[in-house]
Amino acid sequence: MDSLFYQNMGRLFYAVAIADKKVREVEIKALENQVKKTWLTVESTKNAFGDNLAFQIEIVFSWLKDGFKTSDECFSTFENYYKLNKPLFTPEIKQIIIITADDIADSFSGINKQELFILDKLSLLLK
């Protein structure tokens, strides 16, 4: 995977977190935990500074949080990337994406209506 792949993962996971118009600290922690627990084990490529490329997920998520992008904007960008790069999305990667998105959505008082809508859109896209 390359840096662009992980940047788009950051966009997707931000789209899930901001679906209800507010990113909460527990959602950020859920993302960080998933990156450490799952994404770092999938990716071994390092950038020029020696950092694992999977950390791009957190960097882009944080950047988007400060830039006030909407859930729809971020999901649409991810969707376009996905459609142009389907071979990168193996069954294993798709499963990890769903688990990470579910974990973020469920981290604050369970999955709400807006989050459920985006999770459904994601599930349909990845089929």
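## A buried arginine without a partner

In this predicted model, Arg11 is buried but takes part in no salt bridge. The nearest side chain of opposite charge belongs to Asp2, at a distance of 9.7 Å.

Arg11 is part of helix α1, which covers residues 3-17. What does Arg11 touch, apart from residues up to four places away in sequence? The list is Val60, Leu64, Cys74 and Thr77.

Val60 sits in helix α3, made of residues 56-67. The relative accessible area of Val60 is 9%. Buried means under 20%, so Val60 counts as buried.

Setting aside neighbours within four places in sequence, Val60 makes contact with Gln7, Gly10 and Arg11. Val60 and Glu43 are 17 residues apart along the chain, and their C-alpha atoms are separated by 17 Å.

## Salt bridges

How many salt bridges does the structure hold? There are four, and three of them are described here, including the pair Arg24 and Asp20. The side chains of Arg24 and Asp20 meet at 2.9 Å, taken from N to O. Arg24 counts as buried because its relative accessibility is 18%, and Asp20 counts as buried because its value is 16%.

Lys29 is bridged to Glu32, with the closest N and O atoms 3.5 Å apart. Both residues lie in helix α2, three residues apart, which is about one turn of the helix. Lys29 is partly exposed at 43% relative accessibility, and Glu32 is also partly exposed, at 21%. Another salt bridge joins the side chains of Lys83 and Glu79, at 3.5 Å from N to O. Lys83 and Glu79 both belong to helix α4 (residues 71-84) and are four residues apart, about one turn of the helix. Glu79 has a relative accessible area of 24% and is therefore partly exposed.

## Positive phi angles in two loops

Lys21 is not a glycine, yet it has a positive phi of about 75°. Lys21 is found in the loop between α1 and α2, the latter being residues 25-42. Is Lys21 buried or exposed? With a relative accessibility of 74%, Lys21 counts as exposed.

Ser109 is not a glycine either, and its phi is positive at about 55°. This residue lies in the loop between α5 (91-106) and α6 (113-126). Ser109 counts as exposed, with a relative accessibility of 71%.

## The whole protein

The protein has six helices and zero strands. Along the sequence, the pattern is α-α-α-α-α-α. For 127 residues, a compact globule would have a radius of gyration near 14 Å, and the protein agrees with this at 13 Å. Its C-alpha atoms fill a box of roughly 40 × 30 × 25 Å along the principal axes.

Of the 127 residues, 43% count as buried. Among contacts with a separation of 6 or more, 77% are between residues 24 or more positions apart. The accessible surface comes to about 6,900 Å², and 55% of this belongs to carbon and sulfur atoms.

Key. Residues numbered from 1 in each chain as written. Predicted model: local features only at pLDDT ≥ 70, side-chain atom pairs only at ≥ 80, totals over all residues. Heavy atoms only, no water. Rg over C-alpha atoms; globule rule 2.2 N^0.38 Å. Buried < 20%, exposed > 50% of the residue type's maximum accessible area, 1.4 Å probe, protein only. Contact = heavy atoms within 4.5 Å. Areas by Shrake-Rupley, 256 points an atom, 1.4 Å probe, with all protein chains shown as cover. Lys, Arg positive; Asp, Glu negative; His and termini not counted.
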